[in-house]
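Here is a short briefing on the structure below. Look at the fold first, then at the details listed after it.

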Amino acid sequence: MTPTLSAKWGLRTLAFGYLGLLLLAPVGMIFYKTFEHGIGPPVEAMTSPDALHAIYLTLLMVAIAVPVNTVFGVGCALLLVRHKWKGNAIIDGIINLPFAVSPVVIGLSLFLLYGTGGWFGPTLSELGFQVLFSIPGMVLASIFVSLPFVVRETVPVLQEIGTEQEQAASTLGANAWQTFWRITLPAIRWGVAYGVVLTTARVLGEFGAVTIVSGSISGETETLPLFVAKSFEQFDEQSAYAGAIVLALLALTTLLLMSIGGRKARTASSGPIPIAGDTAIATANTKEGS
Amino acid sequence: MEGHPATIPTAPPRAGLRLPGVGAGLGRGLIGLYLSVIVLLPLAAVLDESLANGFSAFWDAVTGDQSLAALKLTVVCSLIVVAINAVFGTIIAWVLVRDEFRGKSVVNALIDLPFALPTIVAGLTLLTLYGADSPFGVNIAFTRVAVVVALAFVTLPFVARAVQPLLIEMDREMEEAATSLGAGGFTVFRRIILPNLVPGILAGVLLAFARALGEFGSLILISGNIPFDTEVSSVFIRSQIESGNTSGAAAVSVVLLAISLLLLVAVSLLVRWSTRGGDSASFYTRVVKPLAARIGFGGGPS
């Protein structure tokens, strides 16, 4: 069908208008507001001790939660794909749970487990562990919310590469680790990398779950998203905007990596094993990108 | 892997070729333990707390005036938002697939911005443009309109991304045949194109609805969190935690959780329905799986 010229322009206007008013204009506006009086005020706002600590804490969450979920994700994907078992469907369902749950509910669940009246809270505090309102609780929240990404990205790639090369390596005398490092991992690396990018984005921006378990104590348990919210609520708009810009820039970098990683993950020409099943999507992507 | 012959002595059959370092049994144990500590035990604690004072207390907490008002607002706003998404998501997908213009790849990448942008930043950006200091003079802050706008922002990619691959793959011949038989542009769209896009639109709508139900970060600054007016369920849960009513918070949480699980089931039923007959699992592999992976929302067995 060749739509009439007016229909084409009508649809174009609707799509661009919607995206512009909902996405572009608000994001552009916050950039404008931040740099309205030059680069000085936002830099100053971001170099205050509380802001620097919030950035440090956010990066710390990424540094802990992302590796933990990556190791778990790859291991879990290998198990789900390579070892048929009745219970796999249950494991798969549990892995999806974090995304069916509101971040606030995740926060509440950890609060109930590790709070003063919780299941583990009293015992742990007797042993000298403070989970709630401190870093361990925030780490647990970050791990919970970002758990499924690496598994979900790795499973389809593992299914597609098959086992022939792994079996060949094994026949030629490679042990399990050699097979994994030299054959399996290179073949699935873009899928894993894409999962890592998504995990990072989620951990960087997590607000709901962390706000419940952290207590949001400035300079102690305040991540960058919490810093933004609190600054805004305390009418320190300059700090809120500057913090939001830092997060937005991190998000834009993630977006860039997502579009590169997503394409690579689907084309996956890099591994030693050509991936057969995904040619349609790869072609579609090329078309779409042209 | 147990059945694979060990032709070389250094590669014993139970070496765990697929799962290096540990056998499948131990691997399952470790994964089970990890999932229990991270996911299952916390959620069990919520379920336990919601019933801590018996079922009638649970029911009272859910049907209390304030919690019911919040739940109604959440569901109604989510329904409005998915309806908006169904229309604009389809239009955006159409423009991205069938239209040609400069900078298309940039617009295509931009669609994912709401997935990447932290929710608190999303709320703040909307408040900057449509709040009290709006340069347009449009102040929607602390109104129900703000709730809808914020939810529309965070759920924008779902339908567009679900419809896009279906449009790319659609056979143009049927449309051409219809046109040559005298069908107008709108008739072709309604009779030929739209029926083919319905599964994608539905999948996107269900996933967007699940996301909207639990949304918190983007609403906290812009909605004003006014009880009986702009307070959604997730915000209500937080206010109950802060005032020490954890069993009330847990009861509403269980309701949200139950609705989300129903939506998960609906997505997998949709997959089964749309892949019935001979046309393999192409809808699932092309539409639901990539989308589900991207937003981390599972839509069926792996």
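**Helix crossing in chain B**

The crossing of α1(B) and α13(B) is left-handed. This is a predicted model.

**The α1(B)–α13(B) pair**

- Two packed helices are described by the angle between their axes and the distance between the axes.
- Here, helix α1 of chain B spans residues 24–50, and helix α13 of chain B spans residues 246–274.
- They pack at an angle of about 115°, and their axes are 7 Å apart.
- Angles of 65 to 115 degrees count as roughly perpendicular, and α1(B) and α13(B) are therefore roughly perpendicular to each other.
- On the α1(B) side, the residues that meet α13(B) are B:Val46, B:Leu47, B:Glu49 and B:Ser50.
- On the α13(B) side, they are B:Thr246, B:Ser247, B:Ala250, B:Ala251, B:Ser253 and B:Val254.
- By type, this contact holds five nonpolar, four polar and one charged.

**Chain B overall**

- Chain B has 14 helices and zero strands.
- Its pattern along the sequence is α-α-α-α-α-α-α-α-α-α-α-α-α-α.
- Chain B has 302 residues, and 52% of them count as buried.
- Of the contacts in chain B with a separation of 6 or more, 73% are between residues 24 or more positions apart.

**Chain A overall**

- Chain A contains 14 helices and zero strands.
- Of the 290 residues in chain A, 52% are buried.
- Among contacts in chain A between residues at least 6 apart in sequence, 75% link residues at least 24 apart.
- Along the principal axes, the C-alpha atoms of chain A fill a box of roughly 70 × 65 × 30 Å.

**Helix α12 of chain A**

- Helix α12 of chain A covers residues 224–233, and nine of its 10 residues are buried, so this helix is largely enclosed by the rest of the structure.
- The buried residues in α12(A) include A:Leu224, A:Pro225, A:Phe227, A:Lys230 and A:Phe232.
- Just after α12(A), A:Phe235 has a positive phi of about 65°.

**Contact between chains A and B**

- Chain A puts 94 residues into the contact, and chain B puts in 91 residues.
- On the side of chain A that touches chain B, helix α1 (residues 5–34) of chain A gives the most, with 16 residues.
- That side of chain A divides into 66 nonpolar, 18 polar and 10 charged residues.

Notes: Residues numbered from 1 in each chain as written. Chains lettered and ligands numbered in written order. Predicted model: local features only at pLDDT ≥ 70, side-chain atom pairs only at ≥ 80, totals over all residues. Contact = placed C-beta atoms within 7 Å. Helix = DSSP H or I, 4+ residues; strand = E, 2+ residues; numbered from the N terminus. Nonpolar A, V, L, I, M, F, W, Y, C, P; charged D, E, K, R; others polar. Buried ≥ 20, exposed ≤ 12 C-beta atoms within 10 Å, placed from the backbone. Axes fitted to C-alpha atoms, helices over the stretch in contact; angles between N-to-C directions. Parallel < 35°, antiparallel > 145°, perpendicular 65-115°, else oblique. Left-handed = near helix turned anticlockwise from the far one by under 90°.
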